[in-house]
Amino acid sequence: MSRKATVVAPSNIALIKYWGTRDLAETLPFNPSFSMTLRECATRTTVEGIEGAGADNILVRVANGGFEAASESFAGGVIRHLDRLRAWADVDQRFRVATQNSFPMGAGLASSASGFAALALAVVESLEREVDPETASRLARQSGSGSAARSVVGGYVEWPAEGCAEGSAAQVFAAEHWDLRDVVAILDTTEKRVSSRAGHKLAETSPYFAHRLRELPHRLAEVRQAIGERDFARLAPIVEEEAIDLHLIAMSSRPPIFYWQPASLAVLQLARDLREDGVEVCSTMDAGANVHLLCTVAAEGRVVAALRGMPEVEDVIRDGVGDGPQVEDQHLF
Ligand code: DP6
């Protein structure tokens, strides 16, 4: 039996990036990653069992506010994950799933992180199962979207590469510890040409990948410490170094992958210029052209105004660290 359940799960922005999958079947990473869970960029998903149905029914929110059947590829990804969740729960239930994002999909804004976290948690809720955070993280991760492992937890989150039986992410600092903001410069909302999954598979072909893995423990410790001490001056250069390193690996993979666009470079430069001017801001990028500008509350107004003044910037999303997923009673159907 299952009941109607709705979960809103946020996206997250990695300060230390997951790039390279050591176990593709289980979605386990080569390296530890560290992220900030967001509060505005989120996926709302409603799930309900359909009695006697032979197939799942996957719906997505469309522009006019209604819902329509998801594309074959989107529905396929959801159904594959429903199959894993059914196997875990030992049920044969088919589901109606409706989903809505508060931000553009597939543009380096980790829509699959929030999407698969919301799906996993909504199914768990619908089946009235109790799960601990480790299991929730594992169920999200097994979707194939590793970053989803981090979206089931709020605040500042670490996903270790090894040494953790469930391969689960866990909170390091709560959101209240430091109210950092993430101002996202939307430069391109088209679907990226090379998926993160394809990028993860190619990471090892970069001649610089082994060097990256050697650098990461130190970089991760720095990020942890800077956040622990709320030391922005310490955090900024290390976050920028890490984002450039991710793209260096992508660009030196065989074949190479380029996510940057000219507008991305302009925003990276803006962050450096603002910082020289005393503004507490730094940049990071995931596998896409958009740029996230992390900043303090005091700096947010300047950062937003500067981005709005750039012709290359299509839109600006204001986000910040958040508390993680919520079960809600406002259902999508
Ligand atoms: C660059 O495989 O989790 O964002 O499933 O497409 O969201 P999607 O990506 P995933 O890889 C994330 C790669 C990254 C870095 C990160 O979030 O750690």
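Q: Which residues line the largest cavity?

A: Keep in mind that this is a predicted model. A lining residue is one with an atom within 4 Å of a cavity point. Here the lining of the largest cavity is made up of E240, A243, I244, H247, W260, L268, R272, S283, T284 and M285.

Q: How many nonpolar, polar and charged residues are in the lining of the largest cavity?

A: Sorting a lining by class is a handy next step. The largest cavity has five nonpolar residues in its lining, along with three polar and two charged ones. Its volume is about 60 Å³.

Q: How many cavities of 30 Å³ or more are there in total?

A: The count comes to two. The second largest cavity holds about 30 Å³ of space. Around it you'll find Y18, T21, L24, T27, G144, R197 and H200. By class, that lining splits into two nonpolar, four polar and one charged residue.

Q: On to salt bridges. How many does the structure hold, and what is the N to O distance between R141 and E26?

A: The general idea is to look for a side-chain nitrogen of Lys or Arg within 4 Å of a carboxyl oxygen of Asp or Glu. This structure holds 22 salt bridges. In the one that joins the side chains of R141 and E26, N to O is 2.8 Å. That pair connects distant parts of the chain, 115 residues apart: R141 belongs to helix α3 (residues 133-141), while E26 is in the loop between β2 (21-23) and β3 (28-29).

Q: Are R141 and E26 buried or exposed, or something in between?

A: Check each residue against the cut-offs: under 20% relative accessible area is buried, and over 50% is exposed. R141 is at 2% relative accessibility, so it counts as buried. E26, with a relative accessible area of 32%, is partly exposed.

Q: What about the salt bridge between R94 and D92?

A: The closest N and O atoms of R94 and D92 are 3.0 Å apart. R94 counts as buried because its relative accessibility is 18%. D92 has a relative accessible area of 62%, so it is exposed.

Q: Where in the chain are R302 and D277, and how far apart in residues?

A: First the bridge itself: the side chains of R302 and D277 meet at 2.9 Å, N to O. The two residues come from distant parts of the chain, with R302 in helix α9 (residues 297-308) and D277 in the loop between α8 and β11, 25 residues apart. R302 is partly exposed at 43% relative accessibility, and D277 is exposed at 52%.

Q: Which residues are linked in a network of salt bridges?

A: Look at R39, D179, R181, E300 and R318: salt bridges link them in a network.

Q: Last one: where is S253, and is it buried or exposed?

A: Start with the element, then the surroundings. S253 is in the loop between α7 (232-251) and α8 (262-276). Its relative accessibility is 2%, so S253 counts as buried. The S253 side chain reaches the backbone oxygen of I249 at 2.8 Å. Setting aside neighbours within four places in sequence, S253 touches L202, A203, T205 and S206.

How values were computed. Residues numbered from 1 in each chain as written. Predicted model: local features only at pLDDT ≥ 70, side-chain atom pairs only at ≥ 80, totals over all residues. Heavy atoms only, no water. Helix = DSSP H or I, 4+ residues; strand = E, 2+ residues; numbered from the N terminus. Buried < 20%, exposed > 50% of the residue type's maximum accessible area, 1.4 Å probe, protein only. Polar contact = N/O pair within 3.5 Å; in protein donor to acceptor, adjacent residues only side chain to side chain. Contact = heavy atoms within 4.5 Å. 1 Å grid on protein atoms, 1.4 Å probe; cavity = no way out; pocket = protein on both sides within 12 Å on 5 of 7 lines; lining within 4 Å. Points joined across faces, edges and corners; volume = space filled by probe spheres on them. Nonpolar A, V, L, I, M, F, W, Y, C, P; charged D, E, K, R; others polar.
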